[in-house]
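My notes follow in the order I looked things up.

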Amino acid sequence: MSEKIALITGAGSGIGRAAAQALWEVGYSLTLAGRREDKLRETVALAGVDGSRALVVPTDVSDRAAVSYLFAAAKARFGRLDIVFNNAGMGAPSIPLEELSAQKWQQVVAVNLSGAFYCTQEAFKLMKSQQPPGGRIINNGSISAQTPRPHSAPYTATKHALTGLTKSTALDGRAHNIACGQIDIGNAATDMTERMQQGILQANGTLAVEPTMDARHVADAVVYMAGLPLNANVLFMTVIATGMPYVGRG
């Protein structure tokens with residue numbers, strides 16, 4: 001096949017937008033999903049790609065029916081699906097865990113974990129049935145899938161759970177030529193990391209300004225993972241800003 005087809009959630013900003021740009025540059029056609037249609041269309045406009053290579057589908061990934069519609073629309077437009085980048089995610093207020101509302105906890109779980117699961121289910125259905133069968137799913141785990149920050153219980157719990165989903169997906173996908181891997185990202189410069197320039201809470205209780213890196217480095221890593229043949233897989237990859245307080249004790 002000469003045409004490669006991908007679907008990205010959370011494509012209206014940050015890492016999702018950078019990954020879309022990078023995948024377009026190497027020849028992919030893309031379905032872009034996210035809550036805000038205007039931001040998704042901005043991603044397309046900024047890339048300057050031909051409209052025939054872009055499908056915008058406003059989607060709340062925590063809504064099971066909306067995810068089903070998203071994948072049906074992608075299939076109707078492009079006929080098949082080679083790559084899914086489960087990138088959509090959200091955090092919760094940085095407050096002591098005992099002060100967090102049940103509603104906020106459930107909201108983070110619904111987007112970060114259930115949303116990725118719903119997309120994985122739909123990807124399996126399409127990738128198993130298409131000809132030739134198979135494809136690749138890439139999950140955005142975050143370094144919070146490995147190590148928490150203070151006051152981050154909902155986000156950290158869902159990202160740890162996503163690691164389990166990645167492993168189960170990789171195992172269950174074997175028989176169907178579906179590969180699954182996870183990219184854990186630390187301090188890519190996006191809207192979400194802007195607060196780090198004012199100082200962010202450290203484990204010892206102090207505030208510190210943390211280094212960041214260009215999100216394009218993450219996008220290039222996604223392109224590498226996506227470009228592997230299906231008989232090879234990056235199960236886990238960690239890409240971090242070199243100077244951030246992560247390795248060791250801070």
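Predicted model: local features only at pLDDT ≥ 70, side-chain atom pairs only at ≥ 80, totals over all residues.

I traced an open sheet of seven strands, paired in parallel, in the order β3-β2-β1-β4-β5-β6-β11. At its edges I have β3 (54–58) and β11 (236–240), each of which pairs on one side only. Neighbouring strands in this sheet are turned by 15° against each other on average, direction ignored. Helix α2 (residues 37–47) packs on the sheet and touches β2 (28–34) and β3, and its direction makes about 165° with that of β3.

Residues are numbered from 1 along each chain as its sequence is written, and side-chain values use heavy atoms, with hydrogens and water left out.

Terms: helices (H or I, at least four residues) and strands (E, at least two) are DSSP runs numbered from the N terminus. Two strands pair if DSSP finds at least two bridges between them. Axes are lines fitted to C-alpha atoms, for helices over the stretch in contact, with angles from 0 to 180 degrees between N-to-C directions. Contact means heavy atoms within 4.5 Å.

**Strand β5 and its neighbours**

I went to β5 next. Six bridges join β5 (residues 135–140) to β6 (residues 178–186), and the two run parallel. Gly 135 stands opposite Ile 178 in β6. Toward β4 (residues 83–86) I find four bridges, again parallel, and Ile 83 has Arg 136 of β5 as its bridge partner.

How many residues of β5 are buried? Six of the six are, so β5 is largely enclosed by the rest of the structure (buried is under 20% relative accessible area, exposed over 50%, partly exposed in between, with a 1.4 Å probe and protein chains only). In a regular strand the side chains alternate between the two faces of the sheet. Both faces of β5 are covered: Gly 135, Ile 137 and Asn 139 are buried on one side, and Arg 136, Ile 138 and Asn 140 on the other.

I checked β1 (residues 4–9) too: five of its six residues are buried, so β1 is also largely enclosed by the rest of the structure. Six bridges join β1 to β2, running parallel, with Ala 6 opposite Leu 30 in β2.

**Thr 43**

I picked Thr 43, which sits in helix α2. Thr 43 is buried at 2% relative accessible area. Leaving out residues up to four places away in sequence, Thr 43 touches Ala 11, Gly 12, Ser 13, Arg 17, Ala 20, Trp 24 and Leu 32.

On a 1 Å grid over the protein atoms alone, a cavity is a set of points where a 1.4 Å probe fits but cannot get out, a pocket is an open set with protein on both sides within 12 Å along at least five of seven lines, and lining residues have an atom within 4 Å of a point. Grid points are joined across faces, edges and corners, and a volume is the space filled by probe spheres set on the points.

I count two cavities of 30 Å³ or more. Of its 13 lining residues, Thr 9, Asn 86, Asn 87, Ala 88 and Ala 116 are the closest to the centre. Helix α4 gives the largest share of that lining, five residues.

The second largest cavity holds about 30 Å³. Its lining includes Pro 93, Leu 100 and His 151.

I also noted the second largest pocket, at about 270 Å³. Of the 18 residues lining this pocket, Tyr 28, Asp 82, Ile 83, Ala 226 and Leu 228 are the closest to its centre. Three residues from α6 make up the largest share of the pocket lining.

A cis peptide bond joins Gln 131 and Pro 132, with omega about -10°. I place Pro 132 in the loop between α4 and β5.

Asn 177 is not a glycine, yet has a positive phi of about 60°. Asn 177 lies in the loop between α5 and β6 and is partly exposed at 37% relative accessibility.

Asn 187 also has a positive phi, about 65°, without being a glycine. Asn 187 lies in the loop between β6 and β7 (188–189) and counts as buried at 6% relative accessibility.
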